[in-house]
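Subject: Structure handover

Hello,

Please find the structure below. My notes on it follow.

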Amino acid sequence: MKIFAYGIRNDEIPYVEAWEQTNPEIEVGYTQELLDPETAKLAAGADAAVVYQQLDYTRETLSALAAVGVTNLSLRNVGTDNIDFDAAREFNFNVSNVPVYSPNAIAEHAAIQVAALLSQAKVMENKIQSHDLRWEPTIRREVRDQVVGVVGTGHIGRVFMNIMKGFGAKVIAYDVFRNPELEAAGVYVDTLEELLEQSDIISLHVPHIPGTNDHMIDADAIAHMKDDAVLVNVSRGALVDTDAVIAALDSGKLYGFVIDTYENEVGVFNADWRDTEFPDARLLNLINRENVYVTPHTAFYTTHAVREMVHQSFDAAVAFANGGEKEGNVVKY
């Protein structure tokens with residue numbers, strides 16, 4: 001059996017090698033190149049392909065992969081919104097993802113960034129670097145004084161809720177699919193509008209479903225928020241209307257913004273722009289603000305999470321190649 005992996009980063013190689021050592025009967029090949037119609041030929045002779053990328057899995061790409069005999073596709077990530085599922089069905093693809101690799105990684109990142117924003121850490125650091133050691137007006141807000149509204153109570157959302165409770169904050173939640181334990185605890189509100197109206201911090205922990213929740217946070221949603229609210233998006237960039245957020249930051253309606261995912265991040269994130277013109281004026285606008293904390297889709301990026309993403313995706317690829325499936329990883333479409 002042979003597994004071929006695309007887009008293998010240097011930090012993933014030790015985990016690929018560790019998986020190989022525990023599965024010596026499996027031939028493993030990999031490349032740092034991403035899967036596209038041209039590189040699909042590299043998987044010829046493989047029983048399954050393992051991938052992680054921001055590029056779309058287009059009809060052309062899937063057709064090229066199927067043409068070399070590979071129709072088992074195992075993603076090393078959660079999101080599947082960049083897959084052409086009509087083409088996947090047409091070419092009889094089996095598709096898996098890694099739905100739970102480390103909820104803590106993303107939840108901890110969101111919590112750390114929120115705490116830093118409320119502490120005005122960027123403002124204070126900039127003052128200190130310029131040798132301004134005055135206190136005022138850089139006063140902090142305590143997390144325990146905030147009402148934290150969590151949109152989406154899956155694995156990540158629930159960990160984030162527990163962290164916020166650990167700070168002493170009041171936590172409320174909204175989800176179309178309610179968790180029985182949380183419902184019994186009485187944390188849910190009935191509508192997204194109620195959550196927006198009651199929360200000092202709004203944190204998004206839902207998948208992007210194209211055509212359903214595009215720009216779920218837009219100008220109208222922001223208008224329902226409290227003045228001086230904090231918005232957190234560590235889920236998917238398409239959930240947030242960036243122009244509406246910038247307008248709200250300009251007007252002072254929003255106190256701050258934590259952003260790890262951006263609606264136009266493909267081709268911008270995970271690239272070095274130090275010696276060239278920055279390609280996105282809106283993103284640069286956000287980066288330059290002291291009340292905005294930008295990270296380039298790295299909330300997931302921990303040693304624990306990367307190990308799980310590699311190992312679980314390779315395990316799922318083997319399950320597909322053996323004619324079965326790895327429970328909990330298979331994407332139904």
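In what sense do E1 and strand E3 (residues 48-51) pair, and over how many bridges? E1 and E3 pair in the parallel sense, over three bridges. Strands here (E, at least two residues) and helices (H or I, at least four) are DSSP runs numbered from the N terminus, and two strands pair if DSSP finds at least two bridges between them.

This is a predicted model, in which local features need pLDDT of at least 70 and side-chain atom pairs count only at pLDDT 80 or more, while totals for chains, interfaces and linings use all residues. Residues are numbered from 1 along each chain as its sequence is written, and side-chain values use heavy atoms, with hydrogens and water left out.

**Around E1**

Together with helix H1 (residues 13-22), E1 and E2 make a right-handed β-α-β unit. Right-handed means that, with the strands pointing away from the viewer, the path from the first strand over the helix to the second runs clockwise. Within E1 (residues 2-5), Lys-2 and Phe-4 point one way and Ile-3 and Ala-5 the other way, and all are buried (under 20% relative accessible area, 1.4 Å probe, protein chains only).

**Around E10**

Six of the six residues of strand E10 (residues 254-259) are buried, so E10 is largely enclosed by the rest of the structure. E10 pairs with E9 in the parallel sense over five bridges, where Asn-233 has Ile-259 as its bridge partner. Ile-259 is also the bridge partner of Val-294 in E11; E10 and strand E11 (residues 292-294) run parallel and are joined by three bridges. Two right-handed β-α-β units involve E10: E9, H10 and E10 make one, and E10, helix H11 (residues 281-287) and E11 make another.

**Asp-241**

Asp-241 is in the loop between strand E9 (229-233) and helix H10 (242-251). Asp-241 is buried yet has no salt bridge, and the nearest side chain of opposite charge, Arg-282, is 5.2 Å away. A salt bridge needs a side-chain nitrogen of Lys or Arg within 4 Å of a carboxyl oxygen of Asp or Glu. The side chain of Asp-241 does reach the backbone nitrogen of Asp-243, at 3.1 Å. Beyond its neighbours within four places in sequence, Asp-241 is in contact (heavy atoms within 4.5 Å) with His-215, Ile-217, Asp-218 and Glu-263.

Regards

Definitions and conventions: Buried < 20%, exposed > 50% of the residue type's maximum accessible area, 1.4 Å probe, protein only. Lys, Arg positive; Asp, Glu negative; His and termini not counted. Polar contact = N/O pair within 3.5 Å; in protein donor to acceptor, adjacent residues only side chain to side chain.
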